[in-house]
Amino acid sequence: MRAITTNCGFLAKFQPELTASVSVPVFTSSLMLVPLVQRMLPPGRAVGVLTVNAASLHREHMAGAGIAADAPVVVAGLETEKEFTGCCSTIS
């Protein structure tokens, strides 16, 4: 095995534990890209995050992905979109 990836951003809160328990790189979430994108933006701009359920995306998910508590991030949920509500709207 050379790396581990997942397809659910909500697993980001487990990033530190997963990384510590294996000897290969672990990529739990595209949220891990937020700090990189922030460094590319001019001052005063925010990174936008689309998620299946904004109310379920908590601070521990952001922290697990390496996003600082004071980072300029705007989160929008797709809770009202029928394509998403059937599969994973109750993730927490």
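Q: What makes T6, G9 and A12 contacts of S29 in this predicted model?
A: Residues up to four places away in sequence are not counted, and S29 touches T6, G9 and A12.

Q: Why is S29 called buried?
A: The relative accessibility of S29 is 10%. Buried means under 20%, so S29 counts as buried. S29 is found in the loop between β2 (26-27) and α2.

Q: How do you know that the side chain of S29 makes a polar contact with G9?
A: A polar atom of the S29 side chain lies 3.4 Å from the backbone oxygen of G9. The cut-off for a polar contact is 3.5 Å, so the pair is within it.

Q: Is Q15 buried or exposed, and what makes it so?
A: Q15 has 8% relative accessibility. The limit for buried is under 20%, and therefore Q15 counts as buried. Q15 is found in helix α1 (residues 15-21).

Q: What does the side chain of Q15 reach, and why is that a polar contact?
A: The side chain of Q15 reaches the backbone oxygen of V26 at 2.8 Å. A polar contact needs a pair of N or O atoms within 3.5 Å, so 2.8 Å meets the distance limit. V26 is also among the contacts of Q15 when neighbours within four places in sequence are left aside, together with F27, T28, M32 and G64.

Q: Why is P25 called partly exposed?
A: P25 has a relative accessible area of 42%. Buried is under 20% and exposed is over 50%; 42% lies in between, so P25 is partly exposed. P25 has its place in the loop between α1 and β2, and with neighbours within four places in sequence left aside, P25 is in contact with R2, A3 and I4.

Q: How far apart are P25 and P35 in sequence and in space?
A: P25 and P35 are 10 residues apart in sequence, and their C-alpha atoms are 18 Å apart in space.

Q: How do you know that the side chains of strand β3 alternate?
A: In β3 (residues 47-51), V47, V49 and T51 point to one face and are buried.

Q: Why are β3 and β4 called a pair?
A: Strands pair if there are at least two bridges between them. β3 and β4 (residues 73-77) have five bridges, so they pair. The sense is parallel, and T51 stands opposite G77 in β4.

Q: Which pattern do the helices and strands follow, and how many of each are there?
A: The protein has four helices and four strands. Read along the sequence, the pattern is β-α-β-α-β-α-β-α.

Q: What share of the residues counts as buried?
A: Of the 92 residues, 25% count as buried.

How values were computed:
Residues numbered from 1 in each chain as written. Predicted model: local features only at pLDDT ≥ 70, side-chain atom pairs only at ≥ 80, totals over all residues. Heavy atoms only, no water. Helix = DSSP H or I, 4+ residues; strand = E, 2+ residues; numbered from the N terminus. Buried < 20%, exposed > 50% of the residue type's maximum accessible area, 1.4 Å probe, protein only. Polar contact = N/O pair within 3.5 Å; in protein donor to acceptor, adjacent residues only side chain to side chain. Contact = heavy atoms within 4.5 Å.
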